Amino acid sequence: MQLIVNIKDENLARKIIKLLNIFQDEGIEIIKKEESRKEWSDEYVQEHWREIGMNTHSADIDDDEYLYEAAWEYYSEKHSD
Amino acid sequence: MKLLGSITVKNILIDLNILLDYYENARRKKYPDSIEAFDYLKYHNFAFVSSSSIDNFEFIKYATLSKAYPSLNRKQKLTIVHNFIKEFLTFFKIAKTPSYLEIDYDDIEDSQLIASAKAIDALVLTRDEKMLNKYPDMTISPKEFLKTSKKKKPKIDFANLKKQHFRYYPEIEKSTDTVYNHSRFIMGPEIQELEENLCSFTKAKYAIACSSGTDALLLAMMALDIKPDDEVITTPFTFIATAETIALLGAKPVFVDIDEKTYNIDASKIEKAVTPKTKAIISVSLYGQPSDLDEINAIAKKYNLFHIIDGAQSFGATYKGQAEVHHCDIYTTSFFPAKPLGCYGDGGAILTNSDELAQKIRMLRVHGQNKRYSHKYIGLGARLDTIQAAILNVKLNHYKEDFAKRNEVAKRYSELLRNKKDIILPTIKLDRTTPWAQYSIRIKNRDEVQTKLKDAGIPTAVHYPKPLHLQECFAYLGNKEGDFPVAEKISQEIMSLPMNPDLSEEEIEYIIFKIKEFIINIIK
């Protein structure tokens, strides 16, 4: 059986690929990986910002460690410019 | 019992977790109460987000975007995050962290949020269990919030100044901060700005801001040189200040009965009250409606009298298409907080088109001084505080909207109460407009209806229960019961309903439903 799926979330896609690779020995074979969007255009983001932004996965924000990580990521990227 | 049955009593400060629930599909499914509460608050003008939550939202949303879409660049991620922030800031206002913040070092973020909530008299809407347990009197969960908001019995506020304040909160904060920063608390630049704005609004030549509506009347009469033994004709159906200021100057208030429809001075009865001692007529635009100004001006002209309009309740009203200032020598008004245009304490203004009177009133306002420490007249210390002018400048900028909303409320009251034979509705003459300082109906068994309405959570007021000629302080004038029968009759029947620009259709319908219910039961 061949199964073709469309995964919008790149992070989730990577996880699923990793998971599928675990079952390589059981005969699961990834035939084709097609990255639909390597580069996002500014126009596309401007037009689809809500759709893109709504499909994130955050931890519950009461998790202080997560807050710390998020802040770290935000500020390190900010100062790397 | 945090809300005492009414969510409208408190503001709501939305915690970060609710914002994130709303703006992420996975969390929307998991926390539907957050979504429903957020959607409810979008359309009810009393929700805030803390300034500290905005940057937390920014970096959390940014980080989740980085994880979900590693190939988005920084600019693109910021575009997305900032669009979300811009969107929720169209629904909610920002609450600052106040300077009297008591930091709890166990959780600085929570203590900031609680301090912000205290500053705006809000409950924090949160799912954070730790916070809900630690601050039970300052927090509310989405589930509890929704339960409370669906309760049917609204708690109605008569003038709802709090709601009005929070409607203009960011502008008022900015405007008052400017005053704190320049610290010119007496006659600061906001006073002149207000006077210019008042002139622009009314097309008056001069506006002089002063310390209260009462002082405005006093200054007006001092400018007209009203002296002991002069007589000033006015209505007995008004707030005490109108006649009190006449008496304070040693002059004699001469009352003339009122018109049964408008409750303003009956112009057809004024001429009989004119004597050689009469110096002026003070007409009062009761509840906001101008009196019969043409008729009054004709009498004033015939007998060479001044005409002052006491417009304490009528700022913004028009007579034959013009502001009232254009139909008298001096127009005075009040910015008492509950007035249609109110400040946050006492305040007032005098408007006139006369160069001479304006100049004199400006001097009288500051102890009669024409230059520093040189006093031409005996005057008063009757300046408006700069901070009040700063607030009024903001509110005046929105006054046309408020004026329209008050008229809309009055229209709905009239539509819903029309044809009830036991209720007499207010009559506004076709050639004038009113800001509806009060929406006052006449009703038999008023006191009983008032008590029943109070029990149903509906505040009412009586403007005014005793005409001035029957007040003890005016006993020396020698008037007695029966002298002004219309005023006496109206004072027994009149009752003002809640009136403010924030009354909702639901609240109006509830008020009217209850009035009708009580009338059927009481008046038979």
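In which strand of chain B is I14(B) found? I14(B) belongs to strand β1, residues 11–14 of chain B, where helices (H or I, at least four residues) and strands (E, at least two) are DSSP runs numbered from the N terminus.

This is a predicted model, in which local features need pLDDT of at least 70 and side-chain atom pairs count only at pLDDT 80 or more, while totals for chains, interfaces and linings use all residues. Residues are numbered from 1 along each chain as its sequence is written, and chains are lettered from A and ligands numbered from 1 in the order in which they are written.

View 1. I14(B) is buried, with 27 other C-beta atoms within 10 Å; a residue counts as buried if 20 or more other C-beta atoms lie within 10 Å of its own, as exposed if 12 or fewer do, and as partly exposed in between, with C-beta atoms placed from the backbone. Leaving aside residues up to four places away in sequence, I14(B) touches L19(B), L41(B), A47(B), F48(B), V49(B), F92(B) and L125(B), where contact means that the C-beta atoms of two residues, placed from the backbone, lie within 7 Å. S53(B) is 39 residues from I14(B) along the chain, and the C-alpha atoms of the two are separated by 8.8 Å.

**View 2. The contact between chain B and chain A.** Here 29 residues of chain B are in contact with 27 residues of chain A. On the chain B side, α1 (16–22), α2 (25–30), α4 (51–68) and α5 (74–91) each supply at least two residues, and α4(B) gives the most, with 10 residues. By class, this side of chain B has 15 nonpolar, eight polar and six charged residues, where Ala, Val, Leu, Ile, Met, Phe, Trp, Tyr, Cys and Pro count as nonpolar, Asp, Glu, Lys and Arg as charged, and the others, Gly among them, as polar.

**View 3. Helix α2 of chain A, residues 42–54.** Chain A has three helices and zero strands, and of its 81 residues 10% count as buried. Helix α2(A) has 13 residues and reaches 17 Å from its first C-alpha to its last, close to the 18 Å expected at 1.5 Å a residue; the expected span is 1.5 Å times one less than the number of residues. A kink of about 80 degrees in α2(A) is centred on H48(A), the bend at a residue being the angle between axes fitted to the seven residues ending there and the seven starting there. The buried residues of α2(A) are V45(A), I52(A) and G53(A), and what covers them includes α4 and α5 of chain B.

**View 4. Strand β6 of chain B, residues 206–210.** Five of the five residues of β6(B) are buried, so this strand is largely enclosed by the rest of the structure. Y206(B), I208(B) and C210(B) lie on one side and A207(B) and A209(B) on the other, and both faces are covered. In a regular strand the side chains alternate between the two faces of the sheet. Strand β6(B) pairs with β14(B), residues 348–352, in the antiparallel sense over five bridges, where two strands pair if DSSP finds at least two bridges between them. Within β14(B), I350(B) is the bridge partner of I208(B).

**View 5. Domains 2 and 3 of chain B, and helix α16(B).** The domain assignment of chain B gives domain 1 (7–151), domain 2 (169–397) and domain 3 (399–522), with bounds that come from an automatic or database domain assignment. The C-alpha centres of domains 2 and 3 of chain B lie 24 Å apart, and the contact takes 31 residues from domain 2 and 30 residues from domain 3. The elements that give two or more residues to the domain 2 side are α13 (240–248), β8 (252–255), β11 and α16 (386–397) of chain B. The buried residues of α16(B), among them I391(B) and L392(B), pack against α10 (169–182), α11 (189–202), β6 and α17 (399–417) of chain B.

**View 6. The open sheet β12-β11-β18 of chain B.** Three strands form this sheet, and their pairing is antiparallel. Strands β12 (322–323) and β18 (432–433) of chain B stand at the edges, each with a single partner strand, so one side of each is left without a neighbour in the sheet. Strand β11(B), residues 318–319, pairs with β18(B) over two bridges, and R432(B) in β18(B) is the bridge partner of Y319(B).
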